[in-house]
Amino acid sequence: MAAPRLLLLMRHADAVTFAPGLGDIDRPLSDEGVEQARRVGEYLTDQHLAPDAALCSAAVRTRQTAELLGLSCAIQHSTAIYNAGSDTIREVINGVADDVGVLLVVGHAPGVPTLAHALADEARSNADAFSAIRWGFPTATLIGIEIGGTWDDPEPGPVVFAFHG
C-alpha cells in the first residue's frame with residue numbers, strides 16, 4: 001500500500017465579474033482576489049505545506065492565484081482543467097508522478113468542489129474542515145485531503161484542513 005498523499009484543492013481567488021473586451025478565460029483577479037490569494041499563500045507557509053507539484057487551470061484568474069501563493073515548486077498550466085468537471089481534473093491528476101507527496105490543484109467550481117466531495121471520506125474527516133466543503137466552496141478556499149493509493153488510482157481519505165482566504 002502506498003503512503004498517504006496530500007491533495008490540496010483550491011478554487012481560484014475572487015475575479016472581476018466583467019472585463020470589457022475579455023472572454024471568461026481572460027478575467028483577472030479583483031483587488032480582493034489578490035489579497036485572498038496572498039492570505040492563502042501565507043497560510044501555506046505558516047502551516048509548512050509546500051507542494052511538490054502544482055496543476056493550474058490556464059485561465060488568467062487561476063494563474064494569478066497560483067502565482068500569488070509564493071510556491072517553490074513549478075506550476076503546470078493546463079487547458080484541460082479550465083472549467084473542467086471533476087472527472088477531467090481527476091484524469092489530469094492521474095498523470096502525476098509517483099514521487100509527488102503533496103499536490104496542489106488550482107481550478108474552478110463546480111469541478112474542484114465536486115472532486116473534493118468525491119475524494120473526501122466524511123467519517124474520517126475533521127468535522128470543521130468537512131463542513132467547509134459541505135456548505136459551498138467559495139473563491140479562495142483551500143482544502144487538504146489525505147488520500148491513499150497512488151495519483152493514478154487515488155483512494156478517498158479524510159479532509160484534514162480547510163482554509164478560506
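1. Helices and strands here are DSSP runs, a helix having at least four residues and a strand at least two, numbered from the N terminus. With that naming, Pro 110 falls in the loop between strand 4 and helix 4 (111–119). The model is a predicted one.

2. The peptide bond between Ala 109 and Pro 110 is cis, with omega at about 10°. Most peptide bonds are trans, and most residues other than glycine have a negative phi.

3. Which phi does His 48 have? His 48 is not a glycine, yet its phi is positive, about 55°. His 48 sits in the loop between helix 1 and strand 2 (53–57). The residue is exposed because its relative accessible area is 73%, and exposed means over 50%.

4. Asn 83 is also not a glycine and has a positive phi, about 50°. Its place is the loop between strand 3 (75–78) and helix 3. With 42% relative accessibility, Asn 83 is classed as partly exposed; that class lies between the 20% limit for buried and the 50% limit for exposed.

5. How many aromatic pairs does a search of the whole structure find? The search finds two. In one of them, Tyr 43 and Phe 161 are tilted, with 5.6 Å centre to centre and 45° between the planes. This pair links distant parts of the chain: Tyr 43 belongs to helix 1 (residues 31–46) and Phe 161 to strand 7 (residues 159–164), 118 residues apart. Tyr 43 is buried at 16% relative accessible area, and Phe 161 is buried at 11%.

6. Tyr 43 and Phe 163 make a stacked pair, 4.2 Å centre to centre with 10° between the planes. This pair too joins distant parts of the chain, from Tyr 43 in helix 1 to Phe 163 in strand 7, 120 residues apart. Phe 163 has a relative accessible area of 23%, so it is partly exposed. Through ring pairs, Tyr 43, Phe 161 and Phe 163 are linked into a cluster.

7. Which residues form the negative surface patch? They are Asp 52, Asp 98, Asp 99, Asp 152, Asp 153 and Glu 155. One of them, Asp 98, is in the loop between helix 3 (86–93) and strand 4 (102–107). Asp 98 counts as exposed because its relative accessibility is 54%.

Note on methods:
Residues numbered from 1 in each chain as written. Predicted model: local features only at pLDDT ≥ 70, side-chain atom pairs only at ≥ 80, totals over all residues. Heavy atoms only, no water. Patch = residues over 30% accessible without salt bridge, like charges linked within 9 Å, V, L, I, M, F, W, Y side chains within 5 Å. Areas by Shrake-Rupley, 256 points an atom, 1.4 Å probe, with all protein chains shown as cover. Salt bridge = Lys/Arg side-chain N within 4 Å of Asp/Glu carboxyl O. Lys, Arg positive; Asp, Glu negative; His and termini not counted. Charge placed at Lys NZ, Arg CZ, Asp CG, Glu CD. Buried < 20%, exposed > 50% of the residue type's maximum accessible area, 1.4 Å probe, protein only. Phe/Tyr/Trp six-rings, centres within 6.5 Å; stacked < 30°, edge-to-face > 60°.
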